[in-house]
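Subject: A structure for you to look at

Hello,

I am passing this structure on to you, and my notes follow below it. Please have it open while you read.

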Amino acid sequence: MTKTDHKTYSSSDYLWKELYALFMPITDDIQVRACREILLHLDAEDLFALIKTVSQNLVVVHQKQEAIDAVLFFSSSVEELLGRRKITKDVLYHYLISNGHKALPLSVDKVTLCLKVLETLQISPSKCGENADAGRGAAGDHSEGLLNLPQLAPAFIQWFFSALNRSSLDQPFSAQHFWPSCRLVCQALDGGSNQTSVRTANGGGSVASFFTDLICRDLLLFNPNLDSSSGWTAGEDSFGLISVGSCGTLLAGGDYLGVYQMLWQLIKDPDSNNYRISRVSIKIKVCSSIESGAAAPPLDIEGLQQMLQIEG
C-alpha cells in the first residue's frame, strides 16, 4: 500500500473508542469530572502529545474530546495523571482557581497543588507529584516500547467481539481493522460426527466479510471468557508482533452451539502508530448439548499458530 493510499485511523473509527466506557480505570464520577476539567486546561498540542505518551503511540486522535477520553482510559489513577509532565503547575493552579480556591500564592509548587487537588477529591496521597513519565524514553531505558498487555489484551478482545456481534448487513464488520494482506484460517469440528471443515479468507476485505457472514448468515454470537485468566492470553515478540488469544462459548439462534478458540496477530502501522490485524486463526467445536462435567479444551495457542500454515 502506497503512502497516498494510506488512511490514518483516529480513535473514532479504530479499535479504541468503544473501550473507554467498558474499561475506564478511574470510575468515580467526581474524579472523572475533575480529571476531564483538568485536561481541558491543556492546549491541543500538549493534550495530543500526552495521549501519545500514555498510550505508547497506540492511539491517534484528532479531536480534543477523543484525546481526553483516551488519556483517562490509559490512566490508572488520578495521582498517575497528576504526575504527568504535561499536567504542569500552571494547569493545576488554573483548575483550582476556577473551582473556588482563591487563596493560592503564585509561588506554590506542583506537589502542593497536587495534594490540594487530591484533598478536594478526598483521595489519600501516596506519591503525588512524582513524575509518572519517569523512565519512559530516558536514555538507555527501553520501557517506552513495552505494552501493558494484561490491560490491553482483554480490552481488545472485549472490543472485537462487541463490535463483531453487532454487525449487520447494513453495517458489516469493517475491513479497516485488518491489513490488506490479512489472512484467516477457520477450522470447524462437528462434535457429533467428528467431521472437520476448513475455510480460509485472504485480504482484509475478505476477512471482514467472513466475520460478517458468521453473524448475519450463520447467526453466531461469540461470548469470550474474560472472567478467568485461562480464557485469554497475549504476548509480544522481539520484532513487535503481538499475539492475542481468546476462548469462550458460541451461541446460535439464542441457544448454546459450542466453543471457540481464536488467535489474532497484530502489527503496528508505522505511518499511524496504530495496530491492525494481520492474521486470524479460529477453532470452532460444535456440540449438540453441554456435556455434564466435560471440560472444554484449553486455549491452544501453538495449534492456532500452526493453522496459519494451512494453504488456501
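One definition before the notes: a crossing of two helices is left-handed if the near helix is turned anticlockwise from the far one by less than a right angle, and right-handed if clockwise. This is a predicted model, in which local features need pLDDT of at least 70 and side-chain atom pairs count only at pLDDT 80 or more, while totals for chains, interfaces and linings use all residues. Residues are numbered from 1 along each chain as its sequence is written, and side-chain values use heavy atoms, with hydrogens and water left out.

**The chain as a whole**

The chain has 10 helices and 7 strands; helices (H or I, at least four residues) and strands (E, at least two) are DSSP runs, numbered from the N terminus. Of its 312 residues, 43% are buried, where buried means under 20% relative accessible area, exposed over 50%, and partly exposed in between, with a 1.4 Å probe and protein chains only. Contact here means heavy atoms within 4.5 Å. If you take the contacts between residues at least 6 apart in sequence, 65% of them join residues at least 24 apart.

For the angles, axes are lines fitted to C-alpha atoms, for helices over the stretch in contact, and angles run from 0 to 180 degrees between N-to-C directions. Angles under 35 degrees count as roughly parallel, over 145 as roughly antiparallel, 65 to 115 as roughly perpendicular and the rest as oblique.

The axes of α2 and α6 come within 9 Å and cross at roughly 120°, so these two helices are oblique to each other. Their crossing is right-handed. On the α2 side, Ala34, Glu37 and Ile38 take part, and they meet Val91, Leu92, Tyr95 and Ser98 of α6. Sorted by class, the residues of this contact are 5 nonpolar, 1 polar and 1 charged. For these classes, Ala, Val, Leu, Ile, Met, Phe, Trp, Tyr, Cys and Pro count as nonpolar, Asp, Glu, Lys and Arg as charged, and the others, Gly among them, as polar.

Val32, Cys35, Arg36, Leu39 and Leu40 of α2 make the contact with Lys64, Gln65, Ile68, Asp69, Val71 and Leu72 of α4.

**From α4 to α3**

Helix α3 (residues 44–54) also meets α4: their axes come within 9 Å and cross at roughly 30°. The two are therefore roughly parallel, and their crossing is left-handed. The residues in contact are Leu47, Phe48, Leu50, Ile51 and Val54 of α3 and Lys64, Ala67, Ile68, Ala70 and Val71 of α4. This contact has 9 nonpolar, no polar and 1 charged residues.

**Helix α6 and what covers it**

Helix α6 covers residues 89–98, and its buried residues are Val91, Leu92, Tyr93, Tyr95 and Leu96. Among the elements that cover them are α2, α5 (78–82) and α7 (110–120). Just after α6, Gly100 takes a positive phi of about 95°.

**Cysteines**

How many disulfides does the structure hold? There are 0, counting as a disulfide a pair of cysteine sulfur atoms within 2.5 Å. Cys35 is buried at 1% relative accessible area, and Cys114 is buried at 0%.

**Phe222 in strand β3**

Phe222 sits in strand β3 (residues 220–224) and is buried, with a relative accessible area of 4%. Which residues does Phe222 touch, not counting those up to four places away in sequence? They are Phe161, Leu164, Asn165, Leu214, Ile215, Thr249, Leu250, Tyr260 and Met262. Phe161 is 61 residues from Phe222 along the chain, and their C-alpha atoms are separated by 6.4 Å.

**Two loop residues with positive phi**

Gln122, a residue other than glycine, has a positive phi near 60°. You will find Gln122 in the loop between α7 and α8 (149–165), where it counts as exposed at 76% relative accessibility. Leu219 also has a positive phi near 60°. Leu219 lies in the loop between α9 (204–216) and β3 and is exposed at 52% relative accessibility.

Enjoy looking around!

Best wishes
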